[in-house]
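Student: I'd like to go through this model with you. Can we take it one question at a time?

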Amino acid sequence: MAKKTLQQLLETSDKCIVAPCVYDCASARAVEMVGFEAMMLSGGEVSIAMNGVIDYGFSNLTDVEWITSRISQTSPIPLAADIEDGFGGPLAVYRSARRMAMAGATALQLEDADDMEESTGLLPRERYLEKVRAALAALEGTNCFLIARTNADPETQMDEGCERMRLAHELGAKMTTVVKIGTLEHAQYVSARVPGWKMFPDVRNINGKPAVTVDQIHPLGFNMMTMHYTLKAAMDGMLEHGIRNFAQQGCDYTCEKVDATGIMGMSATPLFDPQSYMELEGRFSGRAKEYTIVGNQVESFPDGFVRSSIDDRL
């Protein structure tokens, strides 16, 4: 049975779906294992992780299409993807949207930035709506829907941002996001002016407390929320281990550390459930086989985490 698209998940859910931002297959795997039901490909984190450069307009369609295809083919949960400004004018947006849908994205976020080096500048409204029309045409008949995004400043451009999102919804965008909002008051203001599904971006803490909760914003039409943590968490772990291993000039710290999974050793392979691949191969060969790394036994998939079927991952 085919895995759920993001639209199917949202249509059948009675809560706000929290979708962490990911940047590769490992981050997608980590998000899936702890129980999240959806994820969002972050253009900024792809730029850092794949190309080693900051989010400054360096990423292109080839970058995000390539990693989208890898993630979508190896994860059972639906992936939305940030395509920034669509990588050009309406014709480029049309091509980008078609290729991303074919790569496996089940939603595409398209923003109204005038310049990817300076995302605070907005395209003229009609110029952005031209791109929205192009994306909608490209996605017609696919399992992928459009998330229209405005970078309007909620303190100075809120009404313009809301009007853009209202018009995008009117054209056919299934979901919208005023991406710089950050408070419950902002959410209430947007909710009163923009119909349809809405995404709340990057919930943050204010004075040690969440700025909003999913229970507060779901009744306002916000049925999806994103957040960034995976790349920072990965770097944090790599730096922690790196500092200790560099000091030791060896891998003792990593091999001996009991982490969140309880798995010892230097390899993350057990987290990817390698024995399930051997079981799949056994369906074709009729032979039982144990997965090893150069003859060394690999620990079992850890308890307490979601273990999805290999049929949904490969």
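Tutor: Helices (H or I, at least four residues) and strands (E, at least two) are DSSP runs, numbered from the N terminus. Residues are numbered from 1 along each chain as its sequence is written. The model is predicted, with local features needing pLDDT of at least 70, side-chain atom pairs pLDDT 80 or more, and totals for chains, interfaces and linings using all residues, while side-chain values use heavy atoms, leaving out hydrogens and water.

Student: Which helix gives the largest share of the lining of the largest pocket?

Tutor: The largest share, 10 residues, belongs to helix 10.

Student: Which strand does strand 1 (residues 17–22) pair with over 4 bridges?

Tutor: Strands pair if DSSP finds at least two bridges between them. Here 8 strands close into a parallel barrel in the order 1-2-3-4-5-6-7-10. Ile17 stands opposite Met224, and the parallel partner over 4 bridges is strand 10 (residues 222–227).

Student: How many charged residues line the second largest pocket?

Tutor: Asp, Glu, Lys and Arg count as charged, Ala, Val, Leu, Ile, Met, Phe, Trp, Tyr, Cys and Pro as nonpolar, and the others, Gly among them, as polar. This lining has 8 nonpolar and 9 polar residues, and the charged ones number 9.
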